[in-house]
Amino acid sequence: MPAGCAALPERRARGPPHAEAREIVFDFLQGYDLLGAFWVTVQLTLLSAAGSLVWGTVLAAMRVGPVPLMRGFANAYVNIVRNIPLTVVILFTSLGLFQTLSINLGGQRFETINFRLAVLGLVAYTAAFVCEAIRSGINTVPVGQAEAARALGLNFTQALTLVVLPQAFRSVVGPLTNVLIALTKNTTVAAAIGVAEAALLMKEMIENEAQLLLISAIFAFGFVCLTLPTGLILGWVGKKAAVKR
Amino acid sequence: MSSVLYDAQGPRAKRRNVLYTVVFLLAVVAIGWWMFRTLSDKGQLDWEKWKPFFSGSEAWTTYILPGLWNTLIAAVLSVVIALPLGAVFGIARLSDHAWIRVPAGVIVEFFRAIPVLILMIFGVALFSQYTSVNSDDRPLYAVVTGLVLYNASVLAEIVRAGILALPKGQAEAAQAIGLRKTQTMTSILLPQAVTAMLPAIVSQLVVIVKDTALGGALLTFPDLLAAVGPMSSYYGANTIASFTIVALIFVLLNFALTSFASWLERRLRRSKRSTGAVLAAEDEEINPAAVGGGFGSGASA
């Protein structure tokens, strides 16, 4: 119980309702590390986004490539991973990888280890969706484009870099935005292995304070602030970038 | 084999592919060998740890099947409650009246922007503080509440996209023969839209089934995932084996649902009687255009 909240009943007695609500919010900000929790959420999101973009692109390259074995591997990976709940993946990184197999990803303290494990789980899971988004982007490029490029005498590399990929990248922005927003929301699952992000703090605060609606509103607002601008800005970019067909 | 990226391969490309295959195979074998060593060093591959699942039914009847049953109950309850709610909000978003359209839009976009887990945590506290729901039932109520709030808003978008996907001529023809707006919606648009969005709804079921696991991990809901803990401690720390079996069940269940959805989609696309408007099974997860809304998606946990 943080010190700032002990004085709450006396303060609540005076002042109009909105001032009272403001004081409670103020106490929360002092007693609990709200911004810190959301900062962890943002860190989880950004690190996992970077990791899953890399791994997802590699998977997508394998999945659309000409080597049957790689295609089969990427296909199997995507179909298996996206059918497993993220909660199972994240919990497995902690109970399975760390506690059973002693894989600690170079971390010494529990907080560091759990954070890294959560990022690992999020990357493994989100990469499957990134792969699908990129593949669907490549599939929007009509075969006629590549055929025309070959007819002009461009070789494989030229056709890929000058004709196919520029069009594919533009169609990928929209789907990737949705994956990023889903990832932002999915970072809450890291609470399952005790990473001190927003959902875990919300659980703790609701157990300690009798302000259910206010606390929920604060956290809902926090997530709306994270996802709404991303969706609006990148959604607009995606619409601008997409090739009209 | 030809695609947009590469042409049919000649002898040189074929030789190169063989090389890539060999290198990739070696990498996979190396990683596989490392995994095998790590697992067997910790004794996780001992037959003792896997035996409960393959000989005798005790592990299944005591832990797995009751858990799976709870997972399915939560998923089915959520979809059954969320569907009508979603339909109402989806239609409300298409209303001609701004005072219906705008609030419905705000509510739908709001709940799509919030993680399901936040809604579930809210649900637990809500039921324990303001209702007299038995504490054994509370986790189920909370899981279903969270899933309904989130998925109703996703389904609302699916319903809206389903109605918008119909050819414009349908509504115009209805108007021309003198049907009122309500009649157009209930007897012309909705029946066709329901078929068009069936694949998308079945795919959403996969998301719902996956999200029930949140309740097992964080809200003491006795679902399939929650069975892992007691199971692995009872059978001598067979954590890897328990996780493998549970993940396998999830994969099989969801793979069946996904396959059913894409089968439905193909069937509907082929059928001559429909207008040809079909929402693709996977659209909701990654394709923002398909659901019309600017942000949010169902690719969540």
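1. A quick word on terms: helices are DSSP runs of H or I with at least four residues, strands are E runs of at least two, and both are numbered from the N terminus. With that in hand, Ile113(A) is found in helix H6 of chain A, residues 110-139.

2. Keep in mind that this is a predicted model, in which local features need pLDDT of at least 70, side-chain atom pairs count only at pLDDT 80 or more, and totals for chains, interfaces and linings use all residues. Residues are numbered from 1 along each chain as its sequence is written, while chains are lettered from A and ligands numbered from 1 in the order in which they are written.

3. On the overall fold, chain A has ten helices and zero strands. Its radius of gyration (taken over C-alpha atoms) is 23 Å, well over the 18 Å that the globule rule (2.2 Å times the number of residues to the power 0.38) gives for 245 residues, so chain A is more spread out than a compact globule. The C-alpha trace spans about 80 × 45 × 25 Å along its principal axes.

4. Across chain A, 45% of the 245 residues count as buried.

5. As for partners, leaving aside neighbours within four places in sequence, Ile113(A) is in contact (C-beta atoms, placed from the backbone, within 7 Å) with Phe98(A), Asn104(A), Leu105(A) and Gly107(A). The C-alpha atoms of Ile113(A) and Ser94(A), 19 residues apart along the chain, are separated by 8.8 Å.

Key
Contact = placed C-beta atoms within 7 Å. Buried ≥ 20, exposed ≤ 12 C-beta atoms within 10 Å, placed from the backbone.
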